[in-house]
Amino acid sequence: MKSLDDLIEGARTKLVELGTKGHPYIATSLSTLEIQAVLQQEIGENDSLYLPAHHSPAYLVLLSEQGEAIDLRNLGKEE
């Protein structure tokens with residue numbers, strides 16, 4: 001299991017990579033990344049965490065850092 005610092009660092013790297021590809025809301029996601037990481041650990045899997053849509057990239061990237069199968073390649077692209 002990754003430490004909180006490792007989760008945040010990996011998620012930060014992925015968010016910056018998404019930002020270089022023109023994904024919207026990266027600044028918002030980076031600004032709340034640490035808060036979301038702590039909340040995910042404290043709240044746990046059984047409770048829900050409400051986040052506005054513009055914070056979802058950080059949430060999804062954190063989940064992917066924890067081993068969830070999330071395809072980040074199409075994140076933010078219209079189908």
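Q: Hi! Where does His-55 lie?
A: His-55 is in the loop between α2 and α3; helices here are DSSP runs of H or I with at least four residues, numbered from the N terminus. Keep in mind that this is a predicted model, where local features need pLDDT of at least 70, side-chain atom pairs count only at pLDDT 80 or more, and totals for chains, interfaces and linings use all residues. Residues are numbered from 1 along each chain as its sequence is written, and side-chain values use heavy atoms, with hydrogens and water left out.

Q: Thanks! Is His-55 buried or exposed?
A: Buried, at a relative accessible area of 13%. The cut-offs are under 20% for buried, over 50% for exposed and partly exposed in between, using a 1.4 Å probe and protein chains only.

Q: And what does His-55 touch?
A: Not counting residues up to four places away in sequence, His-55 touches Thr-28, Ser-29, Thr-32 and Gln-36, where contact means heavy atoms within 4.5 Å.

Q: Which side chain makes a polar contact with the side chain of His-55?
A: That of Thr-32, at 3.2 Å. A polar contact is a pair of N or O atoms within 3.5 Å; within protein, one must be able to donate a hydrogen and the other to accept it, and residues adjacent in sequence count only if both atoms are side-chain atoms.

Q: On to α2. Which of its residues are buried?
A: Ile-26, Ser-29, Thr-32, Leu-33, Gln-36, Ala-37 and Gln-40. What covers them includes α1 (4-20) and α3 (56-65).

Q: Where is the kink in α2 centred?
A: On Leu-33, with a kink of about 50 degrees. The bend at a residue is the angle between axes fitted to the seven residues ending there and the seven starting there.

Q: New topic: which residues make up the largest nonpolar core?
A: There are 12: Ile-8, Ala-11, Leu-15, Leu-18, Ile-26, Leu-33, Ala-37, Ala-58, Val-61, Leu-62, Leu-72 and Leu-75. α1 gives the most to this core, with four residues. A nonpolar core is a set of buried Ala, Val, Leu, Ile, Met, Phe, Trp, Tyr and Cys residues joined through side-chain atoms within 4.5 Å.

Q: What is Ala-58 in contact with?
A: Leaving aside neighbours within four places in sequence, Ala-58 contacts Leu-15, Ser-29, Leu-33 and Gln-36.

Q: Why is α3 largely enclosed by the rest of the structure?
A: Because seven of its 10 residues are buried. What covers those buried residues includes α1 and α2.

Q: Last one: what phi does Gly-67 take?
A: A positive phi of about 100 degrees, just after α3.

Key:
Helices (H or I, at least four residues) and strands (E, at least two) are DSSP runs, numbered from the N terminus.
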